[in-house]
Amino acid sequence: MLQTVVYADVLFIVNAVITFLILITTADLTKIESVKSRYVSGALAGGILSFIILAPEMHTVIVVIVRLIISILIILITFSFKNLIQFFKCVSGFFVISFFI
């Protein structure tokens, strides 16, 4: 019987790099800039939070809610906002870019 093997280091690095690219692209798209250390912090959070795939199987609705919350946390870690409109603009940009990648 075949078993699936997940290399945690590869999972972390690949997801951190992809999250970093999504955050940089989101900043370009929304014109909301941040400092490099916050991009790195958001990318590291994305890498760490990618380990959710190792969790026991959950109901689809719960997975969607958890992913939404995690995405919003990553955005809050990375960007600072002057108002609620900027926040929603950034969240929308993040999701659009994530969808196309």
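Which residues of α4 are buried?

Tutor: Happy to take you through it; keep in mind that this is a predicted model. The buried residues of α4 are Phe 87, Cys 90, Val 91, Gly 93, Phe 94 and Ile 97. They sit on the same side of α4, because the arc they cover around the axis is only 165°. An α-helix has 3.6 residues a turn, so residues three or four places apart point the same way. On the other side of α4 you will find Leu 84, Ile 85, Phe 99 and Phe 100, which are exposed.

Now for the helix itself. Helix α4 runs over residues 84–100, and its 17 residues should span 24 Å at 1.5 Å a residue; the end C-alpha atoms are 25 Å apart, which agrees. At the N-terminal end, Asn 83 caps α4, with a side-chain oxygen 3.2 Å from the backbone nitrogen of Ile 85.

What lies over the buried side? The cover for the buried residues of α4 includes α1 (8–30) and α3 (60–78). That leads us to the largest nonpolar core, which has 15 residues. The elements that give two or more residues to this core are α1, α2, α3 and α4, and α4 gives the most, with five residues. Among the residues with the most contacts inside the core are Cys 90 and Phe 94, along with Leu 23, Tyr 39 and Ile 74. In soluble globular proteins, nonpolar side chains tend to be buried together.

Ser 34 lies in the loop between α1 and α2, and it counts as buried because its relative accessible area is 19%, with the cut-off set at under 20%. Beyond its neighbours within four places in sequence, Ser 34 is in contact with Tyr 39, Thr 78 and Phe 79. A polar atom of the Ser 34 side chain lies 2.5 Å from the backbone oxygen of Thr 78.

Notes:
Residues are numbered from 1 along each chain as its sequence is written. This is a predicted model: local features need pLDDT of at least 70, side-chain atom pairs count only at pLDDT 80 or more; totals for chains, interfaces and linings use all residues. Side-chain values use heavy atoms; hydrogens and water are left out. Helices (H or I, at least four residues) and strands (E, at least two) are DSSP runs, numbered from the N terminus. The expected span of a helix is 1.5 Å times one less than its number of residues. Buried means under 20% relative accessible area, exposed over 50%, partly exposed in between (1.4 Å probe, protein chains only). The arc is that of the directions from the helix axis to the C-beta atoms. Contact means heavy atoms within 4.5 Å. A polar contact is a pair of N or O atoms within 3.5 Å; within protein, one must be able to donate a hydrogen and the other to accept it, and residues adjacent in sequence count only if both atoms are side-chain atoms. A nonpolar core is a set of buried Ala, Val, Leu, Ile, Met, Phe, Trp, Tyr and Cys residues joined through side-chain atoms within 4.5 Å.
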